[in-house]
Amino acid sequence: MELIVLGCSGSVAGPESAASGYFLRGSSGENVLLDMGPGVLAAIQRTPEVDPSQCHVIFSHMHADHCLDFPSLLVWRRYHPTAPATVRHKLIGPQMAQIHLQRAGGDYPDQPDNIEDTFDVLVHQVGEGDFDATIWPVYEVGELRVFSAPAVHTTESYLTRIQDSDGTSIVYTGDTAPTDVLPRFARGADLLVCEATWGECGGDKPEGMHMAGCDAGKAAREAGVKTLLLTHIPPWGDEEATFRGARSEFEGEILIAKSGMKLIF
Ligand SMILES: [Zn+2]
Ligand SMILES: [Zn+2]
């Protein structure tokens, strides 16, 4: 699989990166966008590998920094003069995704914009306990298999695991507070794209919202992943301290997400 970071700035877009958005290409050529925060569609236009009309979309949750570029994607898919969408793609999101996204793209609050012309809308299905691909609820996106588990956040939010037919796997946390579900769900993944909003260690931060670098490192260690990609660090955050926190818990490869970064695994 190939992952391109389209946006990794936490909570808000930053001067050097869009808010959350990632492009994933499977070994059989499947195209998937993971979240679409502010600035992501602009980043897509700087990334020749990505055709916005040819992507499935998965939303971790409906906070603005993860979905506000979606109405612009609809315009592109429907009205681009030479490269509109020609087939419906899958859109996997929280239960509230359809109504939320349709309101965001609508002309008036009572006139939501029906997105079913261009997307097949699906709701995350979660399994429980230790991850097991043979029994976990799954969506098939081409040859990719998409699994979900509950995140801990202030709104309905999901962890996503994508497994390729070549055996590689990636787990994306979206936004989540520390949760025992994460290492059980991410077990053995090649890449853990993990939010680390709150610096080295959370300290006095409110519960139930986000992780710090040490929480991300602990989850990576417990899950036994190969590579940890730290992301969702806000513009006011401290990348070095976040890395230090993760390193204090995890001895494997740790990277800090940057806009435009490409990972092949
Ligand atoms: Zn966020
Ligand atoms: Zn959030």
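Modeller: Of the 265 residues in the protein chain, 54% are buried. Buried means under 20% relative accessible area, exposed means over 50%, and partly exposed lies in between (1.4 Å probe, protein chains only). This is a predicted model: local features need pLDDT of at least 70, side-chain atom pairs count only at pLDDT 80 or more, and totals for chains, interfaces and linings use all residues. Residues are numbered from 1 along each chain as its sequence is written, chains are lettered from A and ligands numbered from 1 in the order in which they are written, and side-chain values use heavy atoms, leaving out hydrogens and water.

The protein chain has seven helices and 14 strands. Its radius of gyration, taken over C-alpha atoms, is 17 Å, close to the 18 Å of the globule rule (2.2 Å times the number of residues to the power 0.38), so the chain is as compact as a globular protein of that length. Helices (H or I, at least four residues) and strands (E, at least two) are DSSP runs, numbered from the N terminus. The C-alpha trace spans about 50 × 40 × 35 Å along its principal axes. Among contacts with a separation of 6 or more, 60% join residues 24 or more positions apart; contact means heavy atoms within 4.5 Å. An unreviewed UniProt entry places the feature "domain: Metallo-beta-lactamase" at residues 18–213. Such UniProt positions follow the numbering used here, feature names are shortened, and annotations may be inferred rather than shown by experiment.

Now the close look. The zinc ion (ligand 1) has four protein donors: Asp 65 (OD), His 66 (NE2), Asp 175 (OD) and His 232 (NE2). They lie 2.1 to 2.2 Å from the ion. Donors are N, O and S atoms within 2.8 Å of the metal (3.2 Å for Na, K and Ca); water is not among the atoms, so sites may look incomplete. In sequence these donor residues are spaced D-H-x108-D-x56-H. Asp 65 is buried, at 8% relative accessible area. His 66 is buried too, at 0%.

Four donors count as tetrahedral if all angles lie between 85 and 135 degrees; four count as square planar and six as octahedral if opposite donors are over 155 degrees apart and all others between 65 and 115; anything else is irregular.

His 61 (NE2), His 63 (ND1), His 153 (NE2) and Asp 175 (OD) coordinate the zinc ion (ligand 2), at 2.1 to 2.3 Å. Its four donor atoms make angles of 90 to 166 degrees, and this site is irregular. The spacing of its donor residues is H-x1-H-x89-H-x21-D. Distant parts of the chain are linked here: His 63 sits in the loop between β4 (56–58) and α2 (64–67), and His 153 in the loop between β8 (144–150) and β9 (158–163), 90 residues apart. His 63 is partly exposed, with a relative accessible area of 26%. His 153 is buried, at 13%.

What joins the two sites? Asp 175 coordinates both zinc ions, ligand 1 and ligand 2, and the ions are 3.6 Å apart.
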